[in-house]
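The sequence and structure come first.

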Amino acid sequence: MADIGSEETARVDVVYEKERVTIHPTQYGSSRISGKLRLYLQLGALFLSWEPNEGVDSFSTSSVTAEIEKYRNLYTIQALPVSDIRFIRRYNPTFGLEYIIIVLSSGLAFPPFYFYNGGTRELFATMKQHVFIIRSDDDPTLFLVNDFEDPLQKSLSSLELPGVATVANAMSRQNSFSFAGSVNEARHGDDAKHGGPSSIYEYGSKQKHKLNDPGRDLSLQVLEKFSLVTKFARDTTSSLFRENHSSGSHAYGRQKQEHVWDNRISDKYKDQQITQDDTSVLSDSTESDELLLVWGKKRGSPLTVDEWRAFLDPEGRIMDSKALRKKVFYGGVDHVLRKEVWKFLLGYHEYDSTQAEREYLAAMKREEYEAIKSQWKSISATQAKRFTKFRERKGLIDKDVVRTDRAVPFYEGDDNRNVVVLRDILLTYSFYNFDLGYCQGMSDFLAPILHVMEDESESFWCFASLMERLGGNFNRDQNGMHAQLLALSKLVELLDPPLHNYFRQNDCLNYFFCFRWVLIQFKREFSFDQIMLLWEVLWTQYLSEHFHLYLCVAILKRYRQRIIGEGMDFDTLLKFINELSGQINIDQAIQDAEALCTIAGDNGAACIPPGTPPSLPVETDGGLYLQEDDVL
């Protein structure tokens with residue numbers, strides 16, 4: 001065993017080391033980042049680290065760009081206590097590279113690590129010598145780490161949220177390790193290259209808490225769990241944003257930000273009144289919470305039946321789709337029309353299709369839906385015993401649908417037929433898109449669609465169209481979520497520099513406190529009726545495909561004074577954000593987001609990388625989703 005420590009720190013013994021362990025942050029081969037993965041012992045505890053190689057990788061076909069450097073910083077693991085790992089998935093496909101996916105107790109997942117020289121078996125053999133690892137009976141690819149408790153009890157313990165701040169602080173105390181040096185020292189110091197003092201955590205003992213309230217909404221807690229990140233995850237990810245935003249190659253420095261704000265009253269808005277109070281809000285001052293962006297248009301009335309008919313030609317084509325989307329964006333849709341209009345907004349129908357074409361499509365799609373549904377309906381009990389993936393997905397769906405929007409009359413009560421239909425659609429989708437399957441949160445998207453359509457087949461196809469855009473939210477590697485949160489960080493830097501600076505100073509630049517907002521597009525923040533209005537506004541994509549990110553900025557900006565004035569740290573901010581549920585004025589938020597989106601213009605659009613959900617993903621030869629044995 002090699003000693004890579006120094007005299008000033010505890011002895012560090014490397015027990016496993018592998019070169020050419022690589023991440024694929026994008027679908028492009030030139031962006032692959034190779035590095036060294038290590039396991040080492042310090043003070044009797046086992047740690048894992050992954051450090052990218054210096055300079056250009058042998059896989060790269062062009063010079064390393066700022067975007068690649070961003071991923072280097074984001075995914076570098078300085079010193080991860082193996083005790084913080086919940087489970088590891090190991091894949092050894094017949095054709096392709098071996099790879100693993102590490103999932104932390106907080107719910108966060110690192111991207112897949114590909115072993116170009118092999119070595120996953122040796123990695124697990126080494127780990128088994130130092131920590132307790134057990135292979136799942138139901139999933140042979142899944143290895144539970146330090147799993148001493150009953151799985152259900154352990155899940156309830158990790159998901160329990162009696163008070164978000166209390167639990168988050170407890171997690172920080174239980175995982176009380178900190179860098180011995182700064183992030184820059186860890187990355188650039190002489191000792192850091194070999195796991196020296198700058199890259200080692202001082203690790204405290206971890207106490208287990210068993211909190212169990214079966215009456216809680218477990219599905220909600222699963223979603224909120226992703227926001228409860230450990231101090232390790234916050235430090236690691238924040239290092240990316242500190243490096244990324246301080247880089248000289250950053251596309252939008254302070255000069256451009258000041259230019260955006262100094263020119264905020266353009267000729268387009270010159271005829272509209274700007275009050276002195278409004279101007280003070282737009283400055284760097286934090287004296288007022290009232291964000292009155294007066295050029296954001298007031299919300300209009302919903303699309304009426306007569307207005308809808310006026311958009312149609314004699315054969316049922318929509319003559320001006322942009323004008324229709326504009327009308328919906330500013331006023332929404334009368335509920336009696338949603339069944340028809342949503343099919344266009346979601347992409348189930350083409351705007352230039354005739355009524356006859358749509359009727360024919362509906363008949364064909366109904367037959368196709370029934371054929372897909374029959375695939376799982378025909379599975380016998382005997383077959384199901386030998387079909388682990390089906391049993392897992394069905395079990396998860398069965399648990400989720402009985403907790404989804406049960407306070408809404410459409411889904412309330414025992415033996416509700418609509419709940420059964422909700423389950424059937426989700427099971428059918430898991431066969432239609434077997435790679436993506438089912439993930440918690442999908443039922444939240446489907447429930448309003450089924451409520452509006454009241455038709456199983458049409459609800460399925462509308463939901464499938466929506467998942468084409470939002471499926472990236474549910475990818476196992478969480479790249480879709482990471483991309484959106486990174487874009488959100490850039491937008492806040494562009495549109496509210498003081499708030500961005502505050503987040504930077506308080507290690508909040510990872511924006512994980514907005515995770516729930518982005519994951520299920522504010523479903524928990526508004527009432528059922530309000531969320532139908534908000535979603536149809538988002539689906540128009542009238543001003544931006546990523547209008548939901550501007551909505552995040554608008555809400556944060558409106559509460560800027562409280563956030564800064566009360567000196568909120570990450571845990572307090574997370575609690576505050578979660579408690580905004582039901583307190584946000586939806587019309588005001590949309591109006592503010594419109595103003596911010598207009599101000600940002602092309603600069604704002606450039607903050608959002610191509611393929612970021614809900615943009616359609618960039619297709620690869622392996623398909624849309626990196627799952628199971630698919631290897632780039």
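## Salt bridges

Arg317 and Glu315 form a salt bridge, with the closest N and O atoms 2.4 Å apart; the term stands for a side-chain nitrogen of Lys or Arg within 4 Å of a carboxyl oxygen of Asp or Glu. Arg317 is partly exposed, at a relative accessible area of 29%, and Glu315 is also partly exposed, at 46%. Here buried means under 20% relative accessible area, exposed means over 50%, and partly exposed lies in between (1.4 Å probe, protein chains only). This is a predicted model, in which local features need pLDDT of at least 70 and side-chain atom pairs count only at pLDDT 80 or more, while totals for chains, interfaces and linings use all residues. Residues are numbered from 1 along each chain as its sequence is written, and side-chain values use heavy atoms, with hydrogens and water left out.

A second salt bridge links Lys373 to Asp424, the closest N and O atoms being 3.6 Å apart. Lys373 belongs to helix H13 (residues 355-377) and Asp424 to helix H16 (residues 417-432), so the pair ties together parts that are 51 residues apart in sequence. Both partners are buried: Lys373 has 10% relative accessibility and Asp424 has 3%. Helices (H or I, at least four residues) and strands (E, at least two) are DSSP runs, numbered from the N terminus.

Asp400 and Arg403 meet through their side chains in a further salt bridge, at 3.1 Å from N to O. Asp400 is buried at 0% relative accessibility, whereas Arg403 is partly exposed at 24%. Elsewhere, salt bridges with shared partners join Lys339, Glu340, Lys343 and Glu458 into one network. The structure holds 27 salt bridges.

## Strands S4 and S5

Strand S4 (residues 45-52) and strand S5 run antiparallel and are joined by three bridges; two strands pair if DSSP finds at least two bridges between them. Trp50 stands opposite Ile77 in S5. Strand S5 (residues 77-81) is mostly covered, with five of its five residues buried.

## Helix H2 and the annotated segment

In helix H2 (residues 120-128), the buried residues include Thr120, Leu123, Phe124, Thr126 and Met127. They cover an arc of only 160° around the axis, which puts them on the same side of H2; the arc is that of the directions from the helix axis to the C-beta atoms.

An unreviewed UniProt entry annotates residues 96-116 as "transmembrane region". UniProt positions are given in the numbering used here, feature names are shortened, and annotations may be inferred rather than shown by experiment. In the model, residues 96-116 are 0% helix and 48% strand, and the end C-alpha atoms are 9 Å apart.

## Asp405

Asp405 is found in the loop between helix H15 (388-401) and H16. Asp405 counts as buried, at 17% relative accessibility. Apart from neighbours within four places in sequence, Asp405 is in contact (heavy atoms within 4.5 Å) with Tyr411, Ala447, Pro448, Lys523 and Phe528.

## Whole chain

The protein chain has 26 helices and 10 strands. Of its 632 residues, 58% are buried. Among contacts with a separation of 6 or more, 72% come from residues 24 or more positions apart.

The protein chain exposes about 26700 Å², and carbon and sulfur atoms supply 48% of that area. Accessible areas come from the Shrake-Rupley method with a 1.4 Å probe; for residues, only the protein chains shown count as cover.
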